[in-house]
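Thanks, everyone. Let's get the structure up on the screen and walk through it.

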Amino acid sequence: MTQQELIIREVRTGKLVAFRREDDDLKVTRLETKTHVTIILRQVLGVRFDRDSGVLEVAYLRRRKKRTPFALMKLEGKVEGLDSDAAADWAEALMKTVYEDSGVKRGRHLMVLVNPHGGVRKAVAVFMKVVEPIFRAAQCTFDIIHTTHNRHAYDIAKEMDLKYDAVVTVSGDGLIHEVMNGFAHHEDPKKAFAIPIAPIPTGSGNGLALNLLGIEHGFDVTEAALNVIKGKAMKVDVFSLTQDGERTISFMSQAMGLMADLDIGTEHLRWMGDTRFMFGLIRGIIQFKPCPVQLSYKLAEDDKVKMAETLEARRLEHKEGDLEQALPHQDNTGRLPPLHNLPDDTDGWTTFEEPILYIYAGKGPFVGRDLMAFPVSLPDDGLIDVMAMPVSSRKDILLAIGGAAKGENYWHPKVHYVKAHAYRVKPLASKGSLAVDGEVFPFKEFQVEVHQKLAAFLSPYGHYAANFSSPTSSAPVTSKKRGDHHYGVLL
Ligand SMILES: Nc1ncnc2c1ncn2[C@@H]1O[C@H](COP(=O)(O)OP(=O)(O)OP(=O)(O)O)[C@@H](O)[C@H]1O
């Protein structure tokens, strides 16, 4: 039987440290002072025992204070009072518990794409100083490419050898958009899409990281690094946007009118970080330009209370995603799903008749830290959430946008919010703006449809990490419930 406790004499201090497994924790005690810390097993990255030197190294992540990022801790020392076989067994048993027994592959092989140009241009330094040491401590192997130009990530993903366990984007949402479109043009698109993507948030908006890690940790690169190592594949829907017969994959959002102006035209304000979106919003409200378009959709649901209740029910019945299901060796071969909706289909389509100020459609609750645009979005319902704001007074717009960080805007009676199988936008004037996943697109007619569960992201929870409640609920729908992985407060 494997020993529960193992003691080392630490190389650095010459003092004795005991490691003990206790349920879901690893208790680390300094024997001289009898002080200890308790590490959740999920935060244990790697255990190595070297038979020649008799030295054991344990690496884990620990928050020194409640709201600070994780620090990478490594304790290394000669094992005391156990022979080599017993020490090797102890190390192996702990590794098996924190990886295989938790349904996570040990030592993931990663493709890491670093965008030196994204956000406040710190991606290279952040990766080198913070993320790479964490990956190494977790015994991950990786290939790194620094993107050198626009669409570089597209080219890499298109030609990528599909041997990786995940694609890690050290960037914002723009690079993820490029990777997805590269996958769509890969010679084996379905197999490419089965490789989960995991963001390390170093862009300006980082919507995907917010959706996966939550508002508290969405911009924390250490939390994101842990998700790369321990997250499970969460299957997600993506969209095909067809414009002039050309098909683009969108994974997050399509914005028109004021909402597009948040991204477009604020590019030069990248230095502001995500404050640039709030700046764009205020500027848009002052300018107050209507969005000359006709919106039609294939409706699935338009009852706001029902949509919120469905979200809640899904969270309660939620089971974590299984990484193995999404790995490339599974049956994920085949062509990209065909388009089901023709541009002139009208059967089952509804047209929104009112003049529109802005349209926002997409998947994943957060599009930025200050805006939970799609609070009832589900990762894999096969539907797209479409929000349209009819032309109203400035006062109404401000009220409709109020509480946007918590999704409260959803309940505003003027905000038209539906779930659709597909939707279509026809411009009624020649000038306007369209942003797809934050990138500028021509202001021309387009149609969007959903491909259910085509792609995958690594996720700590198996669902979006956003808090939102229905009016009939007694408690908010949170990202933390019993059985979920969560990173508790450490001593
Ligand atoms: N070396 C580079 N030089 C210039 N542009 C680059 C380079 N590498 C990638 N890009 C481009 O940078 C753009 C922005 O990337 P990214 O989305 O990662 O950052 P961001 O726009 O700041 O963040 P977000 O999309 O979250 O707001 C992408 O369109 C990408 O093609």
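Start at the ligand. Helix 4, residues 173–184, gives the largest share of the shell around the ligand, four residues. Keep in mind that this is a predicted model. The ligand has 23 residues around it, and G118, S171, G172, G174 and G203 come nearest. What is the make-up of that shell by class? Two nonpolar, 17 polar and four charged residues.

Now step back to the whole protein. There are 12 helices and 24 strands. The protein has 491 residues, and 49% of them are buried. Then look at contacts between residues at least 6 apart in sequence. Of those, 74% join residues at least 24 apart.

Next, the domains. The assignment gives three ranges: domain 1 is 5–102, domain 2 is 109–230, and domain 3 is 242–315 + 341–452. Take domain 2 and domain 3. Their centres, taken over C-alpha atoms, are separated by 25 Å. Domain 2 puts 17 residues into the contact, and domain 3 puts in 19 residues. Which elements give two or more residues to the side of domain 2 that touches domain 3? Helix 4 and helix 6, the latter at 207–213. Helix 4 has the largest share of that side, seven residues. So much for who contributes. By class, the side of domain 2 that touches domain 3 has seven nonpolar, nine polar and one charged residues.

Last stop, helix 7, residues 221–230. Why call helix 7 largely enclosed by the rest of the structure? Because 10 of its 10 residues are buried. The buried residues run V221, T222, E223, A224, A225, L226, N227, V228, I229 and K230. Among them are E223 and K230.

Helix 7 also packs with a partner. Two packed helices are described by the angle between their axes and the distance between the axes. Here the partner is helix 2, residues 123–137, and the two axes come within 10 Å and cross at roughly 35 degrees. The crossing is right-handed. Helix 2 makes the contact with V126, V130, V131, I134 and F135, and helix 7 with V221, T222 and A225. By class, that contact has seven nonpolar residues, one polar and no charged ones.

That's the tour. Over to you for questions.

Notes:
Residues numbered from 1 in each chain as written. Predicted model: local features only at pLDDT ≥ 70, side-chain atom pairs only at ≥ 80, totals over all residues. Buried ≥ 20, exposed ≤ 12 C-beta atoms within 10 Å, placed from the backbone. Axes fitted to C-alpha atoms, helices over the stretch in contact; angles between N-to-C directions. Left-handed = near helix turned anticlockwise from the far one by under 90°. Contact = placed C-beta atoms within 7 Å. Nonpolar A, V, L, I, M, F, W, Y, C, P; charged D, E, K, R; others polar. Near = placed C-beta within 6 Å. Domains from an automatic or database assignment.
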